[in-house]
Amino acid sequence: MSFKGRDIISIRDLSKRDLLAILDVAAKLEKNPEPELMKGKVLATLFFEPSTRTRLSFVSAMERLGGQVLGFENSDVTSVKKGETVWDTIKMVERYADVIVQRHKIEGSARLAAEASSIPVINAGDGANQHPTQTLLDLYTIQKEKGKIDGLNIGFVGDLKYGRTVHSLCMALSHFKTKQYFIAPPALQMPQYYLDDLDEKKLPYVVEQDLLKAAPELDIIYMTRIQKERFPDPVEYNKLKGVYQIDKSLLEHSKPDVRILHPLPRVNEINMDLDETENAAYFRQAANGVVVRQAIIGLVSGMIP
Amino acid sequence: MTKKEIKIPAIKEGTVIDHIRSRETFKIMRLANPQEFEHTINVALNLKSKKMGKKGVIKFSNRVLTQDEVNKVALLAPEATVSIIEDYKVKKKIRIKIPQIIENIVKCSNPNCITNKEDVKTRFDLAKEEPLQIRCAYCERMMGREDIHLN
């Protein structure tokens, strides 16, 4: 199996073998860095929509591999403002670089970019659709923190209806033997489609409103932001918001080695008093993004066979 | 059904689409571009059907539907039957089947999909036949039959 020339657009395109291969390469790179691997190669970071965190993580990944980066961080400064299409932008950039990373607010733009491009395209987020490198770093973090993925009880908390990271991670976890807990108010629960998919694969899951009820079971708590504007009724929001804000007291109800993840940035879902605990894995999770993106860049460019 | 009860005349050559759910009949007729068609089209609605309650039938004289058109029929009316008529007889029954990949005939229902923003041909994967679920190959939006609008 070779990743050379492959695009990383959607978690849907990756088999369990693919996922494990990427995690494996990431672990090796973490242990034995390869500061010369991408020497003489160029990564184009096309951020039609700004995303400082993701962009810096990709830049850091490429530079730590000895490669160079070109690109833009905002479509205001490009010809897109003049009406240039995704297709045309890619047709130009593919001649300047060896790998393209694209973020765009329009869903499906990453698939289109991959069709336009003769060099590999990595999707760094296409609107509300996919952000596969986030999912891979989430998986990597789970595996690193717990030493395994199979057999874990993984709870998602917050806005599960609109949360892109939750949908993708749920999809990726369906390759493994995990039990997933979906902890959210009914208005923000997982779309039925994802639950049907778990049913079809005969994977266990629990739909729950109360985090404290589920907490004693969980090995991983994956927090997400709840946005006020998602609620049809502000009274409902005020009633529920506290339920999905956690602090150190949660640990009294949890397994001692529970790990708390969050795709960041957080707003007020996680009290800072948790930061100092070993259970807080969210900053380590963000750091893992660099090594996972190094693995992906190395693999799709063919520099890692 | 005895001959006396036939409410729509037989055609000599062409295509008959039968067993259409009545409310889908006009949708099906529109996809065959009737304005640009010079021959007769017979349409009947609300015909009694033991199986379906009410059904629709469309008969296109002197026209054999293309596979693309049959695919469109399959998306809107998977229970319909399509027969090719020659000399008043059924020459061939076309089994209608929703293709695994549906190209360029359905519009994505997601307004923020790239196919609705740039000049891109749409493409959907058949995710589930019953109940029908198709997935946009670009934005991955799942669409049921009620969301399907043709390009």
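How many bridges join strand 1 of chain B to strand 4 of chain B, and in which sense do the two strands run? In this predicted model, strand 1 (residues 14–21) and strand 4 (residues 81–86) of chain B run antiparallel and are joined by five bridges. Within this pairing, Gly14(B) lies opposite Ile85(B) of strand 4. Strand 1 of chain B also pairs with strand 3 (residues 53–61) of chain B, again in the antiparallel sense, through six bridges. Here Thr15(B) has Phe60(B) of strand 3 as its bridge partner.

A further set of pairings in chain B involves strand 8 (residues 123–128). Three bridges connect strand 8 of chain B with strand 6 (residues 101–103) of chain B in the antiparallel sense, and Glu103(B) has Arg123(B) of strand 8 as its bridge partner. Strand 8 of chain B is also paired with strand 9 (residues 133–136) of chain B, with four bridges in the antiparallel sense. In that pair, Phe124(B) stands opposite Cys136(B) of strand 9. Strands 8 and 9 of chain B form a hairpin, and four residues lie between them.

These strands belong to a chain with two helices and eleven strands. Read from the N terminus, the order of elements in chain B is β-α-β-β-α-β-β-β-β-β-β-β-β. Of the contacts in chain B with a separation of 6 or more, 60% are between residues 24 or more positions apart. Along the principal axes, the C-alpha atoms of chain B fill a box of roughly 55 × 35 × 25 Å. Of the 151 residues in chain B, 28% are buried.

Chain A is divided into domain 1 (11–130 + 289–300) and domain 2 (132–286). The centres of the two domains of chain A, taken over C-alpha atoms, are separated by 26 Å. The contact between them takes 18 residues from domain 1 and 16 residues from domain 2 of chain A. On the side of domain 1 that touches domain 2, helix 1, strand 4 (121–126) and helix 10 (282–300) of chain A each supply at least two residues. Helix 1 of chain A gives the most to this side, with five residues. The residues on this side of domain 1 of chain A comprise ten nonpolar, four polar and four charged.

Helix 6 (residues 164–173) of chain A is mostly covered, with seven of its ten residues buried. The buried residues are Val166(A), His167(A), Ser168(A), Leu169(A), Cys170(A), Ala172(A) and Leu173(A). Among the elements of chain A against which these buried residues pack are helix 1 (16–31), helix 5 (132–146) and helix 7 (192–200). Strand 5 (153–157), strand 6 (179–183) and strand 8 (220–223) of chain A are also packed against by the buried residues of helix 6.

Between the two chains, 15 residues of chain A are in contact with 14 residues of chain B. Helix 3 (86–93) and helix 4 (109–116) of chain A are the elements that give two or more residues to the side of chain A that touches chain B. The largest share of this side, three residues, comes from helix 4 of chain A. By type, the residues on this side of chain A are five nonpolar, seven polar and three charged.

Technical notes
Residues are numbered from 1 along each chain as its sequence is written. Chains are lettered from A and ligands numbered from 1 in the order in which they are written. This is a predicted model: local features need pLDDT of at least 70, side-chain atom pairs count only at pLDDT 80 or more; totals for chains, interfaces and linings use all residues. Two residues are in contact if their C-beta atoms, placed from the backbone, lie within 7 Å. Ala, Val, Leu, Ile, Met, Phe, Trp, Tyr, Cys and Pro count as nonpolar, Asp, Glu, Lys and Arg as charged, and the others, Gly among them, as polar. Two strands pair if DSSP finds at least two bridges between them. A residue is buried if 20 or more other C-beta atoms lie within 10 Å of its own, exposed if 12 or fewer, and partly exposed in between; C-beta atoms are placed from the backbone. Domain bounds come from an automatic or database domain assignment.
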